[in-house]
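Reader: Please take me through this structure feature by feature. Where do we begin?
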Amino acid sequence: MTEENNKEINQPSQRRTFWRTVAMMLLFLIFIFNYRQLLLSYPLFSVISFMNERSIGEMFTTELATDLLLFTVVTIVLHVFWALVITISCKPLFDKFKNQTIQSQIWFVIVLLHFTLVLAANAYWYPTSLVGFLRTTPLASTFGLTVLSSVIFALFSWGLYVQLGKVVTVMSFSIISLAALFANFTPNTTYQPENPDIPNIFIIGIDGLRPDQLSYRSANPRLTPNINKFLSGSLIYDNTYTPQARTYVAWMSILTGQYPVKHGGRFNLTPPELIQKPFPLVRELNEKGYKTLYAMDERRFNQLDKEYGFDQVIGPKIGAAGLIITKVADIPLINILVNTPISDLLFPYLYINRAYGKTYSPEHFNREVMTQLSIDKPNFLAVHFCQLHWPYTSKDFIDVENTKWDGNYNHFMYQAMLKKVDEQFGNFIKNLESKGYMENAIVYLISDHGESFLLDKDRLTSDKYFDDSEFVNDAWGHGTNVLSQEQSNVLMAYRRYQETDKKEIQQVVKGTFSLVDIAPSLLNELGVAFDQNHQDFDGFALKSDPSNFANRGVFVESPHPVKAINTSFIAQNELMSETSADYDLRQNGRVVIKPDIYKELIAKKQRSIYLNQWQLAMLPNQNKLIVVDTKENTWNYLPDYEGGAPVTSMLTQLCNHYRGDEGFDNNHCSELAKR
């Protein structure tokens, strides 16, 4: 037997090359996972340790297990397919070089080229990825990626040609090219309604947007040029308050026109059986021929879906699996694919998901929403942008040079992300205008809550109680303290688009308003008679008789207190340890508050009422009511208060609103009756 024949006998088979490549893929995944774990401040093991504290029956359901298994299978299949591409790429060179040592070297070089391309592409498109360590190298550049991809494409094409022949190779690439074009094709359609006299309705929410960050309140106009431009032609309802500084509860109140005590959604992750569905507003609009849509790019704690009456809901999939998948998904190949047209099928928990901020594309989310709007029926769209929500992550690095550092990290990041959400809003409005949806439209721009950063200008002061250590009037984040004014004070602006209208001028409407005023305002403007037999509105139509608002108080309540979120940096393991006993995992894979402790949590709420510049607050840990002057940023205990606040009227309204509510202190109401 000749030496050449020995070399042919010793050369690795294609099957063996494939399985060797698969093994290399698994080692690659293990490396990526462990590298990430070294960098994570909140490692996955904190989630696992939390799960170990609960029984398997409590923490795993069929739906959760299925979702996690599907994600694992898809991840492995993609890497196996990648191994197949590498194997095919090796074949023509293996045919030319029969020596096993040389073939192994060729294989290793091709594998290295593939790994380098994927890592470089991940770093180029998603530089904030934890595995984007090539971001500053020439490889993660347009030139570097072009060279790498050209070499790899040439090797694969050659291998496919040798393996399958010319005809099959050409047909394969043709089919792939056509499929890619079809998947990315967006018809260039414009809105052509059957009845142009019926307006589109858009309620656009921006998570956590503080009104004092906008130019109408004398903020730096460069932070939010697109929002400021919209507001320049809007009615701005100054001193608007959210019923609760939590997204789900705020949107429940917007869409029902009711306060939480009436609509039943007192917390995020409220058990759905406690909510009356569908929403009357949505039902009425469906009956009027509207296509009703709800779109949100972060749905872990806001579980509105089609059961609430919407024709279509847009956003990532809801479920507990998302909490785990977003922790482990920072894998280069997944990142590269997550914004492709097939990602909603492959990765439903990562698809247009702001919670997976490393790859979230605002343009992609906007485009997805636009493609779902009807082109011939009137649209009712409630859409919520969450880029401004903690932890302020983005697929791109923030603009450090034009963001003012004030020593407060969270506030610094908030302002940096404010620019990004402003760009998203501007892009969305531009798309609506270019497609004709704004030729006849009613638009509300709102924020669901504000955000607290413990800024000096936000602190309440008192000239009487310097040493009262029991009184805490400031807090981090949102939904942590009703006395933190910047958490509850929100934006509510109205703008009417009509083709024949002259350019609108900004008007700031003085008064005390609530997000519950939007639903009755919409039906009033549309001339729709609301079915009072269902449930009546708590809000008033904003264009109704001004006397409705003269002495009307608006109510703000807190969720149940959670110490782990009242901090500048939320430790997720501490958060899960503190709150895990309050939640159930349902068979559908969703997490909800345990119904049997719902009333217990309600009893822990803080409650307050606003009337003009005054706030009257009732806190569970305080025996005395608290009066706040929001103009002067001062507070006093009610028994010692000597100012001009209409406290009797405010307390009367507060007692009437919360009478019978679990944990509400009726002693104050009894004292009121004695006056």
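Author: Begin in a loop: Pro278 is found between helix H11 (260–263) and H12. Keep in mind that this is a predicted model.

Reader: Which residue is joined to Pro278, and what is the omega of the bond?

Author: Read omega for the peptide bond. Lys277 and Pro278 are joined by a cis peptide bond, with omega about 0 degrees. There is another cis case to look at. From Trp390 to Pro391 the peptide bond is cis, and omega is near 10 degrees. Pro391 sits in the loop between E6 and H17.

Reader: What is the phi of Tyr392?

Author: Tyr392 has a positive phi of about 60 degrees, although it is not a glycine. Tyr392 too is in the loop between E6 and H17.

Reader: Is Tyr392 buried or exposed?

Author: Use the cut-off here: buried means under 20% relative accessible area. Tyr392 has 3% relative accessibility, so it counts as buried. Asn633 is a residue other than glycine with a positive phi, near 55 degrees. Its place is the loop between strand E17 (626–629) and strand E18 (634–637). The relative accessible area of Asn633 is 19%, and therefore Asn633 is buried.

Reader: Now the whole chain. How many helices and strands are there?

Author: The protein chain has 24 helices and 18 strands. Of its 675 residues, 55% count as buried. Then look at sequence separation. Among contacts with a separation of 6 or more, 73% are between residues 24 or more positions apart.

Reader: Do E1 and E7 run parallel or antiparallel?

Author: They run parallel, joined by six bridges. In E7, Tyr444 is the bridge partner of Ile203. E1 and E6 also run parallel, with six bridges between them. There, Gly205 has His384 of E6 as its bridge partner.

Reader: How does strand E12 (residues 554–557) run relative to strand E15 (residues 607–611): parallel or antiparallel?

Author: Antiparallel, with four bridges joining E12 to E15. Val554 has Tyr610 of E15 as its bridge partner. Val554 and Val556 point one way from E12, Phe555 and Glu557 the other way, and all are buried.

Reader: Which elements do the buried residues of H19 pack against?

Author: First name the residues. In helix H19 (residues 518–526), Ile518, Ala519, Pro520, Ser521, Leu522 and Leu523 are buried. The buried residues of H19 pack against strands E1 (200–206), E6 (379–385), E7 (440–446) and E9 (492–498), and against helices H10 (247–256) and H12 (280–287). Just after H19, Gly527 takes a positive phi of about 70 degrees.

Reader: What does Phe428 touch, leaving out residues up to four places away in sequence?

Author: Phe428 is in helix H17 (residues 409–434). Its relative accessibility is 0%, so Phe428 counts as buried. Phe428 touches Ile204, Asn366, Val369, Met370, Leu381, Val383 and Phe385. Take Val369 from that list. Phe428 and Val369 are 59 residues apart in sequence, and their C-alpha atoms are 9.2 Å apart in space.

Reader: Which residues does UniProt list for "transmembrane region"?

Author: The unreviewed UniProt entry lists 17–35, 68–94, 106–127, 139–160 and 167–185. Residues 68–94 are 100% helix and 0% strand, and the end C-alpha atoms lie 39 Å apart. Residues 139–160 are 86% helix and 0% strand, with the end C-alpha atoms 26 Å apart.

Reader: Now open space. What is the volume of the second largest pocket?

Author: About 1300 Å³. Its lining has 30 residues, and the closest to the centre are Phe81, Val85, Leu333, Ile336 and Leu337. Helices H5 (62–96), H6 (100–125), H7 (142–164), H8 (166–184) and H14 (332–337) each give two or more residues to this lining. H8 gives the most, with seven. By type, the lining of the second largest pocket has 25 nonpolar residues, five polar and no charged.

Reader: How many cavities of 30 Å³ or more are there?

Author: Three, in a search of the whole structure. The largest cavity has a volume of about 70 Å³. Among the residues that line it are Arg299, Arg300, Lys317, Tyr349 and Asn353. The lining of the largest cavity divides into three nonpolar, four polar and three charged residues.

Conventions
Residues numbered from 1 in each chain as written. Predicted model: local features only at pLDDT ≥ 70, side-chain atom pairs only at ≥ 80, totals over all residues. Heavy atoms only, no water. UniProt positions renumbered as here; feature names shortened; annotations may be inferred. 1 Å grid on protein atoms, 1.4 Å probe; cavity = no way out; pocket = protein on both sides within 12 Å on 5 of 7 lines; lining within 4 Å. Points joined across faces, edges and corners; volume = space filled by probe spheres on them. Nonpolar A, V, L, I, M, F, W, Y, C, P; charged D, E, K, R; others polar. Buried < 20%, exposed > 50% of the residue type's maximum accessible area, 1.4 Å probe, protein only. Contact = heavy atoms within 4.5 Å. Pairing = 2+ DSSP bridges.
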